[in-house]
Amino acid sequence: PGVAPGDGQWTTVKSAVKHNASCWQVDTHLQRITCDKTLNAQECASQTMGPDGCKSLPTVPYDPHNRSMDCEYDQAFVFNANGTIALANTRGFADGKTTY
């Protein structure tokens with residue numbers, strides 16, 4: 001809610017399908033996106049995961065050297081102005097600006 005393409009705000013994406021639906025979750029090991037509550041809980045559970053398999057948005061800065069943070073960030077996405085969608089932890093810097 002309140003997220004617009006290109007604004008840099010993190011968001012989660014929840015499926016509208018009722019059966020076993022959850023939020024988008026990236027599995028970087030198998031290189032796929034799942035939206036299955038059971039798979040999300042089995043593959044990368046988190047203390048912030050709710051009963052629907054969705055996680056709260058992360059509140060601490062991402063540390064690429066701390067692999068334990070991957071499960072905290074695997075449901076956080078950014079909608080870019082050019083129509084693409086990126087994981088929130090794929091931020092980089094170009095020309096002095098934050099890019100996704």
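**Exercise 1. Classify T34 as buried or exposed, and list its surroundings.**

T34 has a relative accessibility of 7%, so T34 counts as buried (buried: under 20% relative accessible area; exposed: over 50%; partly exposed: in between; 1.4 Å probe, protein chains only). The model is predicted, so local features need pLDDT of at least 70 and side-chain atom pairs count only at pLDDT 80 or more, while totals for chains, interfaces and linings use all residues. Residues are numbered from 1 along each chain as its sequence is written, and side-chain values use heavy atoms, with hydrogens and water left out.

Step 1. List the contacts (heavy atoms within 4.5 Å). Neighbours within four places in sequence aside, T34 touches C23, W24, Q25, L39, N40 and E43.

Step 2. Look for a polar contact (a pair of N or O atoms within 3.5 Å; within protein, one must be able to donate a hydrogen and the other to accept it, and residues adjacent in sequence count only if both atoms are side-chain atoms). The side chains of T34 and N40 form one at 2.6 Å.

**Exercise 2. Find the disulfide and describe its setting.**

Step 1. Search the whole structure for disulfides (cysteine sulfur atoms within 2.5 Å): there is one. Its partners are C23 and C54, with an S to S distance of 2.0 Å.

Step 2. Take the torsion about the S-S bond of C23 and C54: it is about 100°, so the disulfide is right-handed.

Step 3. Locate the ends. C23 is in strand β2 (residues 21–27) and C54 in the loop between α1 (37–44) and α2 (70–73), so the pair ties together parts 31 residues apart in sequence. Both C23 and C54 are buried.

Step 4. Check C35. C35 is in no disulfide, and the nearest cysteine sulfur, that of C23, is 6.9 Å away. With a relative accessible area of 27%, C35 is partly exposed.

**Exercise 3. Describe the sheet that contains β1.**

Step 1. Read the order: β1-β4-β5, an open sheet of three strands with antiparallel pairing (two strands pair if DSSP finds at least two bridges between them).

Step 2. Identify the edges. β1 (10–11) and β5 (85–87) each have a single partner strand, so one side of each lacks a neighbour in the sheet.

Step 3. Examine one pair. Two bridges join β1 to β4 (residues 77–79), and W10 has V78 in β4 as its bridge partner.

Technical notes:
Helix = DSSP H or I, 4+ residues; strand = E, 2+ residues; numbered from the N terminus.
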